[in-house]
Amino acid sequence: MSDPAVAIVGIGLHPFGRHEGVSGLEMGAHAVRLALEDAGLRWSDVEFAAGGSSSSGNADTMVADLGATGLAFLNVHNGCATGGSALVSVYNALRSGACDVGVVVGFDKHPRGAFAERPEDWSLPAWYGTAGLMVTTQFFGMKIQRYMHDHGIEPATLAKVANKAFRNGEKNENAWRRQPLSEDEILNARMVSDPLTQYMLCSPGEGGAALVLCRSEYLRRIPQARPIYLRSAVLQTRQPQSFDVYSPALGMELSPSPSVAAAQMAFERAGVAPSEIDIAQVQDTESGAELIHLAECGLCEHGEQAGLYGRGATEIAGDLPVNTDGGCIANGEPIGASGLRQVYETVLQLRGEAGDRQVPNEPKTGFTHVYGAPGVSACTVLSR
Amino acid sequence: MFPLRMRCTACAGSEVVRRLLPSRGTLWTYTVQRFPPPSPPYRGSSETFTPFGVGYVELDDIVRVESRLIGDPETLRIGMVLELVPLLDVDGEPTYAFAPVHEETSK
C-alpha cells in the first residue's frame, strides 16, 4: 500500500428518510456541523469545500448557516456521482498540497416517485422522453434481466439482496426503512419493472452526509483525531459501446461499464487488491445492481453471486460484508448524499464504531462504489 | 449508432454514413413499464395508462435498438422474433415500436 496522503478525520450524517419542513441544504449543513464536531475542527479551519445536490440547491450557499469565511467552495452537480465527484475534488486538492483541511458535503430532497428528467439535458432527442423511455428503472430491469439470463441467477437471489438490506437497515438508526421483510414478501410484492418488485428497488428520498478531510501531515495538529485513510478516489465516465442508463442503442460488442474502469483504477492507485477488501458498499439502486456491481468492481466473479448470497458471504458476519448500513434499498437515494453515506459507513466500520451492525474482527480495508446516469461511476479505497 | 448523430460517439468524427437498419430482429433483453412514466417528459395520460414492454432489439449483427414493445407484455421472452411497427404518439406524431412476429417460432 502506498503512503497515505489524505485522512478522513470527521464524518457527519443527517438521517435519511422523509423530513417535512427541513430543506436539503439544511440537512447538508447539519451533516457538516456534525462532521466538524467529530473532527474537533471549526468551520474557519476549512480552506476548501466541495459539494452538491441533484435537485436541492447550491451547496456553497450553506455558508449562510456555517459562516461566510471566504473559503473556496465548489458546487458539484454530477448525478449519482455528485458526492463522489466532490470527494475526488477535495482529495486531489489535499494531495496536491493546495490546502490542509477540506470538507465534502452532499444532500438532496426528492419528491416521491421516479425521477423526471428532460431528454434535452442528457444529449437525447425529445421523442425519447415523450415515448416513455426516459425512466431509470427500465434500465435496471433490462440490465439484470439479461444478466440473469447469461449467468443463471434466479429471482430468489434478488430477494436475498433486499432481505439483507432491510435487516441491516433495522440495525441503523439513520436508515429510512428499518422493517425486515421476508424473501417471500419481497418476491411476491407488486412488480415495478420486471424482474424487479417494489421492495427490490430503492426510492428517491432525503438526507445529507459530510466528511472532513486533511493532509496526513496535518494530523499532528489534531492529536485527538481518529484518522481513516483515503487511499484513492476515482471518477470515470462511459465508453462508446457500453450498456448504461438512458442508452437508445447498444453496440454488439459491449464495452465494460464505467464501474469496471473506476474500480480498477481505484484499486491500482491504492495499491490494494480487491481480494484484500474487508468491507464493501456498492450502489444498490436495486437488488440486481448490487449483484452486478460486485462483479464489475472485481469483488466476485460473474455468476458467482447466487452462491455467495446463498451461503451468507455478504452478511455483516460474512467473508465480504456488503452494504452494511442497508444501502440505498434501506436508506433511499437522496442523490447528492448517497455516495458520501457509503464513505461515512465505511469510516464508522473501520473505526469499530458501528454498534449493532459492527463487522467483526476489526476490518482494515474498505471499498465504496456509486454508479448512475448516463454512465458515470466513482469509487474509493479506504484503510485504517 | 442510433439515433442518427452528427458525430461518431467512438471517434468524434463527422463523416457519418446513413444506413438503413433491418426491420426485423430478436429481443436481447426487456422489462415491463408497469407505472405511468413521469410526465413530462412522457406524453400520455396516467388515467388511461396500461403497462407496456420496453426492450433492446438486436438487428442482425449491427446494433441493439431500444424500443417500446407492442402486445401482451406477459409473453415477452429473450430471443423472440420482433418486427418494426409504426406507433403514433398522443399528438398523432409517428414514432416506432416493435411487435412479435406471430407466424414464426423463436428459440
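Q: Where is A:Pro374 found in chain A?
A: A:Pro374 is found in the loop between β11 (365-372) and β12 (376-383) of chain A. A cis peptide bond, with omega about -5 degrees, joins A:Ala373 and A:Pro374. Strands here are DSSP runs of E with at least two residues, helices are runs of H or I with at least four, and both are numbered from the N terminus.

Q: What kind of model is this, and how are its parts numbered?
A: This is a predicted model, in which local features need pLDDT of at least 70 and side-chain atom pairs count only at pLDDT 80 or more, while totals for chains, interfaces and linings use all residues. Residues are numbered from 1 along each chain as its sequence is written, chains are lettered from A and ligands numbered from 1 in the order in which they are written, and side-chain values use heavy atoms, leaving out hydrogens and water.

Q: Which residues does the other listed cis peptide bond join, in chain B?
A: The bond joins B:Phe2 and B:Pro3, again with omega of about -5 degrees. B:Pro3 sits in the segment before β1 of chain B.

Q: What makes A:Tyr246 worth a look?
A: A:Tyr246 has a positive phi of about 60 degrees, although it is not a glycine. You will find A:Tyr246 in the loop between β8 (228-237) and β9 (249-250) of chain A.

Q: Why are α6(A) and α9(A) called roughly perpendicular?
A: Helix α6 (residues 155-170) and helix α9 (residues 287-296) of chain A pack at an angle of about 100 degrees, with their axes 8 Å apart. Axes are lines fitted to C-alpha atoms, for helices over the stretch in contact, and angles run from 0 to 180 degrees between N-to-C directions. Under 35 degrees counts as roughly parallel, over 145 as roughly antiparallel, 65 to 115 as roughly perpendicular and the rest as oblique. The two helices are therefore roughly perpendicular to each other.

Q: What makes α3(A) and α12(A) a case for another word?
A: The axes of α3 (residues 82-96) and α12 (residues 335-351) of chain A cross at roughly 60 degrees and come within 5 Å.

Q: How do you know which residues of α3(A) and α12(A) meet?
A: Contact means heavy atoms within 4.5 Å. By that rule A:Thr82, A:Gly83 and A:Leu87 in α3(A) meet A:Gly336, A:Leu340 and A:Val343 in α12(A). They divide into 3 nonpolar, 3 polar and no charged. Ala, Val, Leu, Ile, Met, Phe, Trp, Tyr, Cys and Pro count as nonpolar, Asp, Glu, Lys and Arg as charged, and the others, Gly among them, as polar.

Q: Why is the pair A:Asp194 and B:Arg34 called a salt bridge?
A: The term requires a side-chain nitrogen of Lys or Arg within 4 Å of a carboxyl oxygen of Asp or Glu. Here the closest N and O atoms are 2.8 Å apart, so the pair qualifies. B:Arg34 lies in the loop between β1 and β2 of chain B and A:Asp194 in the loop between β5 (191-193) and β6 (196-197) of chain A, so the pair joins two chains. Between chain B and chain A the count is 1 salt bridge, and over all chains it is 22.

Q: What is meant by the area that chain B and chain A bury?
A: Buried area is the accessible area (1.4 Å probe) that two parts lose on being put together, summed over both. For these chains the value is about 3,100 Å², 62% of it on carbon and sulfur atoms. B:Trp28, B:Pro41 and B:Arg64 supply 19% of the area that chain B buries against chain A, more than any other three residues. The contact takes 35 residues from chain B and 36 from chain A.
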